[in-house]
Amino acid sequence: MSPTPQERRAARHQVGAGSDKPAVRRGPSGGRKKPITVDAIVDTAFAIIESEGYEALTMRRLAVALETGPSSLYAHVVNKEDLDELLIGRLCAEIELPAPDPSRWREQLVGVCTRLRDQYLRYPGISRATFAAAPSNLDTLRVSEGLLAIVLAGGVEPQAAAWAVDSLTLYVNAHSLEVAVASRLGRAGDEWVVSRDDMLRRFASLPETFPQTKRYATELTAGTTADRFLFTINLMIDGLPRTDSQA
């Protein structure tokens, strides 16, 4: 008896597990189409996201792209959430993790967060797949493990280190999603919904009940998307409690 999708999914979380065997195509065109495998499903899903955005990715849309029916996909993936896990896992698998270095832990932490952000930004909106999902894919867990090891190497107490990894990845996910939404609205990475000059004029015309916004309008509108990302990541790192010997 062939394994169920749930059994296939469980097997993928086991170290050394291989890819699913390709499904046999039936019908007149069966011999001319590429076999359906987990890798083929993931590759096609990425192509859809890259050209149409994450919101366009559904199991039905994916089946059309693969020239098959949705039921054929469920022989390999349990549901859309399982597919999301595979997509994020593929992106995480491509991230190189440094050996934790106590003398460079901050730089290493910023570097991994930046690489994770860059992976998400390759595919508009894909970081949405990470929200409200407990990581169980081995490739995704590998990145979490790497981040935790780096934070611990910096002398951060284990409980704070664990929550720090969760907070840092949550911010990376949210930042990447905001950039994707801005892109969908037709803006480039560092453009505002309105121009910066227009924002400055709007702030300048505010009533006197907004004294700080009027006074610091230049600061409020300064910086690129990358500047703000790095500022926030470093701000979060600065707030981590460290042992006296490491502080």
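The exercises below work through a predicted model of one protein, each with a solution in steps.

**Exercise 1.** Determine how many helices and strands the protein has, and what share of its residues counts as buried.

*Solution.* Begin with the secondary structure, which comes to twelve helices and zero strands. Read from the N terminus on, the elements accordingly run α-α-α-α-α-α-α-α-α-α-α-α. Next, turn to burial: of the 247 residues of the protein, 37% count as buried. Finally, consider the surface, where the protein exposes about 14,000 Å², with carbon and sulfur atoms supplying 56% of that area.

**Exercise 2.** Classify the aromatic pair of Phe46 and Tyr123, and explain which parts of the chain the pair ties together.

*Solution.* As a first step, recall that a pair of aromatic rings is described by the distance of the centres and the angle of the planes. For Phe46 and Tyr123 the centres are 4.5 Å apart and the angle between the planes is 40°. Planes under 30 degrees apart would count as stacked and planes over 60 as edge-to-face, so this pair, at 40°, is tilted.

**Exercise 3.** Classify the pair formed by Tyr171 and Phe229, and describe the surroundings of the Phe229 ring.

*Solution.* The ring centres of Tyr171 and Phe229 are 5.8 Å apart and their planes meet at 25°, so the pair is stacked. Tyr171 belongs to helix H8 (residues 158-184) and Phe229 to helix H12 (residues 225-238), so parts that are 58 residues apart in sequence are tied together by this pair. Both Tyr171 and Phe229 are buried. Over the face of Phe229 lies Arg117, at 4.5 Å from the ring centre.

**Exercise 4.** Decide whether Glu85 is buried or exposed, and find which side chain it joins in a polar contact.

*Solution.* Start with the position of Glu85, which is in helix H5 (residues 80-93). Its relative accessible area is 13%, and because buried means under 20%, Glu85 is buried. Then look for its partner: the side chains of Glu85 and Ser136 are joined by a polar contact of 2.5 Å. Lastly, compare sequence with space for Glu85 and Ala129, which are 44 residues apart in sequence and 7.5 Å apart in space, C-alpha to C-alpha.

Terms used. Residues numbered from 1 in each chain as written. Predicted model: local features only at pLDDT ≥ 70, side-chain atom pairs only at ≥ 80, totals over all residues. Heavy atoms only, no water. Helix = DSSP H or I, 4+ residues; strand = E, 2+ residues; numbered from the N terminus. Buried < 20%, exposed > 50% of the residue type's maximum accessible area, 1.4 Å probe, protein only. Areas by Shrake-Rupley, 256 points an atom, 1.4 Å probe, with all protein chains shown as cover. Phe/Tyr/Trp six-rings, centres within 6.5 Å; stacked < 30°, edge-to-face > 60°. Lys NZ or Arg CZ within 6 Å of the ring centre and 35° of its normal. Polar contact = N/O pair within 3.5 Å; in protein donor to acceptor, adjacent residues only side chain to side chain.
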